[in-house]
Amino acid sequence: MARALLLALVVALAATTLGSCRAEPDRTVVALLLGSENSSRWTEFDEPSFRARLETACPDCVYLTANAAGDVDAQADQLDDVLADGADVVVLNAVTSERGE
């Protein structure tokens, strides 16, 4: 329950805060970067829930997602890619806390 509430809060904050402060008419880009596929929770629950709540809270947002499959370097590349694609918000489930800082 607390996780769902936190997820809803992050999505709502991203949608309202970033959407309202943009001077350009382009769409807000939100990226969810997952660290691994080892836990089915991330792929079966968290990502679909995040996507659904984002679509509800910010239907005009562009949603990007990637899964590093436990590879730290791949996740770093994915972060670079979403930032190059114009991500305004990045939610990071880091492969390791040492590289996620």
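This is a short walk through one protein chain, its fold pattern and a few side-chain pairings.

Okay, ground rules before the tour. What we have here is a predicted model, so local features need pLDDT of at least 70 and side-chain atom pairs count only at pLDDT 80 or more, while totals for chains, interfaces and linings use all residues. Residues are numbered from 1 along each chain as its sequence is written, and side-chain values use heavy atoms, with hydrogens and water left out.

Let's start with the overall layout. The protein chain has three helices and three strands, and along the sequence they come in the pattern α-β-α-β-α-β. Of the 101 residues, 27% count as buried. Buried is under 20% relative accessible area, exposed is over 50%, and partly exposed is in between, with a 1.4 Å probe and protein chains only. The accessible surface comes to about 6200 Å², and 53% of that belongs to carbon and sulfur atoms; these areas come from the Shrake-Rupley method with a 1.4 Å probe, and for residues only the protein chains shown count as cover.

And how about contacts? Take those between residues at least 6 apart in sequence: 72% of them join residues at least 24 apart, a contact being heavy atoms within 4.5 Å.

Now, charges. How many salt bridges does the structure hold? Two, where a salt bridge is a side-chain nitrogen of Lys or Arg within 4 Å of a carboxyl oxygen of Asp or Glu. One of them joins the side chains of Arg 41 and Asp 46, at 2.7 Å from N to O.

Glu 47 is buried at 11%, and Arg 51 is partly exposed at 31%.

On to rings. Searching the whole structure turns up one aromatic pair. That's Phe 50 and Tyr 63, a tilted pair, 6.0 Å centre to centre with 40° between the planes. The rule is that rings of Phe, Tyr and Trp (its six-membered ring) pair if their centres lie within 6.5 Å; planes under 30 degrees apart are stacked, over 60 edge-to-face, and the rest tilted. Why does this pair tie together parts that are 13 residues apart in sequence? Because Phe 50 lies in helix 2 and Tyr 63 in strand 2, residues 62-67. Phe 50 is buried, at 3%, and Tyr 63 is partly exposed, at 22%.

Leu 83 lies in helix 3, and its C-alpha is 9.4 Å from that of Val 29, 54 residues away along the chain. Gly 86 is in the loop between helix 3 (72-84) and strand 3 (89-92); its C-alpha and that of Arg 27 are 9.8 Å apart, with the two residues 59 apart along the chain. Leu 83 is partly exposed at 47%, and Gly 86 is partly exposed at 33%.

Key
Helices (H or I, at least four residues) and strands (E, at least two) are DSSP runs, numbered from the N terminus.
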